[in-house]
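Work through the exercises below with the sequence and the model at hand. Try each task before reading its solution.

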Amino acid sequence: QVQLVEDGGDLVQPGGSLTLSCRTSINVLDYYAIGWFRQAPGKEREEVACIGVSDGSQYYADYVKGRFTVSKDKSKNTVILEMNNLKPDDTGVYYCAADRIGTESCWDPANWGPGTQVTVSS
């Protein structure tokens, strides 16, 4: 069964850094691309980043490129999202999800974690 749970959300000041984790059930990272998504109040959910099974296949939204980095720690069945130089617009509930079709893209996320709140405010 594909299961995911996020952790690491917190309140952080603009310009600060935060690291989120997505812990998955066993072998998920061997078969599924993992995407990071966020949803701010009053806004549509948007894709932030994606990492494929190969690790080398990565996607970043333009508004986070150069500030966010996605990686894996397979020994812990975990995907990491490192966020730097955070902005108030980065505020939202962050979700990770396993894609049901692609191994290198996140076009069809199907299995979702419950989310973790990130608030960027002074």
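The exercises cover a sheet, salt bridges and a cavity.

The model is predicted, so local features need pLDDT of at least 70 and side-chain atom pairs count only at pLDDT 80 or more, while totals for chains, interfaces and linings use all residues. Residues are numbered from 1 along each chain as its sequence is written, and side-chain values use heavy atoms, with hydrogens and water left out.

**Exercise 1.** Find the salt-bridge partner of K72 and say whether K72 is buried or exposed.

Solution. A salt bridge needs a side-chain nitrogen of Lys or Arg within 4 Å of a carboxyl oxygen of Asp or Glu. K72 meets this with D55, where the closest N and O atoms are 2.8 Å apart. K72 lies in β7 and D55 in the loop between β5 (46-51) and β6 (58-60), so the bridge ties together parts 17 residues apart in sequence. Next, apply the accessibility classes: buried is under 20% relative accessible area, exposed over 50%, partly exposed in between (1.4 Å probe, protein chains only). K72 has 16% and is buried, whereas D55 has 29% and is partly exposed.

**Exercise 2.** Name the residues that salt bridges with shared partners join into one network.

Solution. Start with R67 and D90, whose side chains meet at 2.8 Å, N to O. R67 is in the loop between β6 and β7, and D90 in the loop between β8 and β9, 23 residues away. The network consists of R38, E46, R67 and D90. Within it, R38 and E46 form a salt bridge of 2.7 Å between the closest N and O atoms.

**Exercise 3.** List the residues that line the largest cavity.

Solution. A cavity is a set of points on a 1 Å grid over the protein atoms alone where a 1.4 Å probe fits but cannot get out; lining residues have an atom within 4 Å of a point. The lining consists of R38, Q39, A40, K43, E44, E46, D89 and T91.

Notes: On a 1 Å grid over the protein atoms alone, a cavity is a set of points where a 1.4 Å probe fits but cannot get out, and a pocket is an open set with protein on both sides within 12 Å along at least five of seven lines; lining residues have an atom within 4 Å of a point. Helices (H or I, at least four residues) and strands (E, at least two) are DSSP runs, numbered from the N terminus.
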